[in-house]
Every structure is written in C-alpha cells, then in structure tokens.
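This report goes through a single protein chain, from its sheet and helix to its charged pairs and surface. Please keep the sequence and the coordinates at hand while reading.

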Amino acid sequence: MGDRAEGEPAWHVATRCDNGACVEIGTLGESVLVRSSADPDGECVTLSRGEWRVFVAGVKDGDFGDL
C-alpha cells in the first residue's frame, strides 16, 4: 500500500474473503469508505468515523440479524 497516490484511500479486504466478491473498507482522512471488491470502480458508501463506530456496534449487537 506504500505506492498509493496522495488522496487515495487505504483499502482493506475482509480477512474471511475467499471468493473474490468481498467487502472492502477504505480510510481517507476522517471518512470510512465501504465497497465491493468485485467492483472496485463502482459505487461506495462513505461514512464518518462516528457513523462507522455505530454501524460496527450494531453488527456486534446483532442488529442486522434479520436481513
């Protein structure tokens, strides 16, 4: 990742990704970006770090278990 351009997100793929179509999380300044590794040039969701913390807490608490 040392060769990424200034202003480009630092992307991280999920550790349990084994089929190439996984969630990638990027950080850029105070923003957290979420995209599909199957379409890295496609749309991504942008969250503040506070919104990201609330989302992760909801995942850990099982708030999305019915989806």
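Is arginine 35 buried or exposed? Arginine 35 is buried, because its relative accessible area is 17% and the class of buried residues takes in values under 20%, with exposed meaning over 50% and partly exposed in between (1.4 Å probe, protein chains only).

## Basis of the model

The model is predicted, so that local features need pLDDT of at least 70 and side-chain atom pairs count only at pLDDT 80 or more, while totals for chains, interfaces and linings use all residues. Residues are numbered from 1 along each chain as its sequence is written, and side-chain values use heavy atoms, with hydrogens and water left out.

## Overall architecture

Helices (H or I, at least four residues) and strands (E, at least two) are DSSP runs, numbered from the N terminus. Taken along the principal axes, the C-alpha atoms fill a box of roughly 40 × 30 × 20 Å.

Of the 67 residues in the chain, 16% count as buried. The accessible surface comes to about 5200 Å², and carbon and sulfur atoms hold 51% of that area, as computed by the Shrake-Rupley method with a 1.4 Å probe, where for residues only the protein chains shown count as cover. Among contacts with a separation of 6 or more, 4% are made by residues 24 or more positions apart, a contact being heavy atoms within 4.5 Å.

## The sheet and the helix across it

The four strands form an open sheet in the order β1-β2-β3-β4, with antiparallel pairing; two strands are taken to pair if DSSP finds at least two bridges between them. At the edges are β1 (10–13) and β4 (45–48), each of which pairs on one side only, and the twist from one strand to the next averages 25 degrees. Strands of a sheet pair, in general, through backbone hydrogen bonds.

Six bridges join β2 to the antiparallel β3, and these two strands form a hairpin with two residues between them, where glycine 29 in the turn has a positive phi of about 60 degrees. Strand β3 (residues 31–36) is in turn joined to β4 by four bridges, again antiparallel, and serine 31 has serine 48 in β4 as its bridge partner. Helix α1 lies across β2 (23–28), β3 and β4, and runs at about 100 degrees to β4, where axes are lines fitted to C-alpha atoms (for helices over the stretch in contact) and angles run from 0 to 180 degrees between N-to-C directions.

## Charged pairs

The structure holds two salt bridges, each defined as a side-chain nitrogen of Lys or Arg within 4 Å of a carboxyl oxygen of Asp or Glu. In one of them, the side chains of arginine 35 and glutamate 24 meet at 2.5 Å, N to O; the pair links arginine 35 in strand β3 with glutamate 24 in strand β2, eleven residues apart.

Because glutamate 30 lies in the loop between β2 and β3 and arginine 49 in helix α1, the pair ties together parts that are 19 residues apart in sequence. Glutamate 30 counts as exposed at 62% relative accessibility, whereas arginine 49 is partly exposed, with a relative accessible area of 30%.

## Surface features

Phe55, Val59, Phe64 and Leu67 form a nonpolar surface patch with about 420 Å² of accessible area together. Patches are made of residues with over 30% relative accessible area and no salt bridge, like charges being joined within 9 Å and nonpolar side chains (Val, Leu, Ile, Met, Phe, Trp, Tyr) within 5 Å. Valine 59 belongs to helix α1 (residues 49–60) and counts as partly exposed at 47% relative accessibility.

Arginine 16 is placed in the loop between β1 and β2, and its relative accessibility of 80% makes arginine 16 exposed. The C-alpha atoms of arginine 16 and glutamate 30 are separated by 26 Å, although these residues are 14 residues apart along the chain.
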